[in-house]
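Colleague: Before I use these labels in my notes, I would like to know what stands behind each of them. Could we go through them one at a time?

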Amino acid sequence: MRQGRFAADLDTAARASELLALLDGLSTRVVLGRRGADRASALRTALSATERLLERD
């Protein structure tokens with residue numbers, strides 16, 4: 001935020017919590033071997049969500 005890469009009013013604690021919850025859910029699906037859940041697709045989903053969650057100025 002100090003470097004101007006993210007919105008000044010971004011609630012970083014809330015966004016971190018949301019991302020951790022997403023990663024927990026994705027990793028659980030991969031570990032359990034759910035259909036269509038593999039490491040590569042989980043990573044793509046996590047990166048896509050991160051882009052939407054981290055607002056930029």
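The questions below take up the labels and the values behind them.

Colleague: What kind of model is this, and how many helices and strands does the chain have?

Modeller: The model is predicted. Its chain has two helices and zero strands. Helix α1 covers residues 12–32, and helix α2 covers residues 39–53.

Colleague: How do you know how the chain compares with a compact globule?

Modeller: A compact globule of 57 residues would have a radius of gyration near 10 Å, whereas the chain has 14 Å. The C-alpha trace spans about 40 × 15 × 15 Å along its principal axes.

Colleague: What makes Arg15 and Glu18 a salt bridge?

Modeller: The closest N and O atoms of Arg15 and Glu18 are 3.8 Å apart. The cut-off is within 4 Å, so a pair at that distance counts. In general, side chains of opposite charge can pair when their charged atoms come close. The structure holds one salt bridge.

Colleague: Where do Arg15 and Glu18 lie?

Modeller: Both are in helix α1, three residues apart, which is about one turn of the helix.

Colleague: How many of the 57 residues are buried, as a percentage?

Modeller: Buried residues make up 19% of them. The chain exposes about 4600 Å², and carbon and sulfur atoms supply 54% of that area.

Colleague: Where is Asp38, and why is Asp38 given its label?

Modeller: Asp38 sits in the loop between α1 and α2. Its relative accessible area is 39%, between the 20% and 50% limits, so Asp38 is partly exposed.

Colleague: What makes Arg39 buried or exposed?

Modeller: Arg39 is at 67% relative accessibility. Exposed means over 50%, so Arg39 counts as exposed. Arg39 lies in helix α2. Its C-alpha atom is separated by 9.6 Å from that of Arg29, 10 residues apart along the chain.

Colleague: How far apart are the mean positions of the positive and negative charges?

Modeller: The chain has 10 positive and 8 negative charges, and their mean positions are 10 Å apart.

Note on methods:
Residues are numbered from 1 along each chain as its sequence is written. This is a predicted model: local features need pLDDT of at least 70, side-chain atom pairs count only at pLDDT 80 or more; totals for chains, interfaces and linings use all residues. Side-chain values use heavy atoms; hydrogens and water are left out. Helices (H or I, at least four residues) and strands (E, at least two) are DSSP runs, numbered from the N terminus. The radius of gyration is taken over C-alpha atoms; the globule rule is 2.2 Å times the number of residues to the power 0.38. Buried means under 20% relative accessible area, exposed over 50%, partly exposed in between (1.4 Å probe, protein chains only). Accessible areas come from the Shrake-Rupley method with a 1.4 Å probe; for residues, only the protein chains shown count as cover. Lys and Arg count as positive and Asp and Glu as negative; His and the chain ends are not counted. The place of a charge is taken as NZ of Lys, CZ of Arg, CG of Asp or CD of Glu. A salt bridge is a side-chain nitrogen of Lys or Arg within 4 Å of a carboxyl oxygen of Asp or Glu.
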